[in-house]
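Biologist: Before we look at anything together, could you take me through how strands and pockets are read from a model?

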Amino acid sequence: GVFDPQLAGGGLHVLTYTYGTGSCLNADQVTIFVGTPPTVNAGTDRIVCFTDNAFSLNGFSPPSGIWTGNGITNPSGIFDPATAGVGTHTLTYTFTTATTGCEDFDTKLVTVLPPPAVNAGDTVVYCNTNQNVTLTNYTPSGGIWTGPGVVDNANGIFNPNVAGGEGSYHLTYAFTNA
């Protein structure tokens, strides 16, 4: 009495159950439909920052499935890094075929990184000259400088004269985890 859908294969299958012996024999039939499971793809893994805004997951197929896992705030695929927390999260995308009820799933990993510790260094005083000054004591390296007088934002080169001459200027150092 064991039916193996994989062995039977897709399509309609008529199974007959017979009970009794000799002239006192009776049978009944049941039709079983074996559907083909859908091909489900959750899309590529992602790396995001804890401070990123909630976003819609993309790259999955077929459409209209259901997402589950840490950080999923809407089953249609809204992921919130702050809700999930720092770490690697396995998200599951499940799709059920409406015509057959066959279901399958796929997973994707979303890694939530902590925000980087960024330090622009101490407040400094420079003379009002037309000489470029290299900003120092900032961490980590590899960020971008912005603000008045920054003439090379990737290398932290500041020119007091380009900034507007004598005065105080607010410069910003930003770093993004790769």
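**Strands first, then the pocket**

Modeller: S10 and strand S13 (residues 157–158) are joined by two bridges and pair in the antiparallel sense. This is a predicted model, in which local features need pLDDT of at least 70 and side-chain atom pairs count only at pLDDT 80 or more, while totals for chains, interfaces and linings use all residues. Residues are numbered from 1 along each chain as its sequence is written, and side-chain values use heavy atoms, with hydrogens and water left out.

Biologist: Which residue stands opposite Val133 in S13, and what counts as pairing?

Modeller: Strands of a sheet pair through backbone hydrogen bonds, either parallel or antiparallel. Strands here are DSSP runs (E, at least two residues), numbered from the N terminus, and two of them pair if DSSP finds at least two bridges between them. Opposite Val133 stands Phe158. The open sheet has three strands in the order S10-S13-S12, with antiparallel pairing; S10 (133–134) and S12 (150–152) each have a single partner strand, so one side of each is left without a neighbour in the sheet.

Biologist: Which residues lie nearest the centre of the largest pocket?

Modeller: Rolling a probe the size of a water molecule over the atoms shows where empty space is left. A pocket is an open set of points on a 1 Å grid over the protein atoms alone, where a 1.4 Å probe fits, with protein on both sides within 12 Å along at least five of seven lines; lining residues have an atom within 4 Å of a point. Of the 22 residues lining the largest pocket, Thr123, Val124, Tyr126, Tyr169 and Leu171 lie nearest its centre.

How values were computed: Helices (H or I, at least four residues) and strands (E, at least two) are DSSP runs, numbered from the N terminus.
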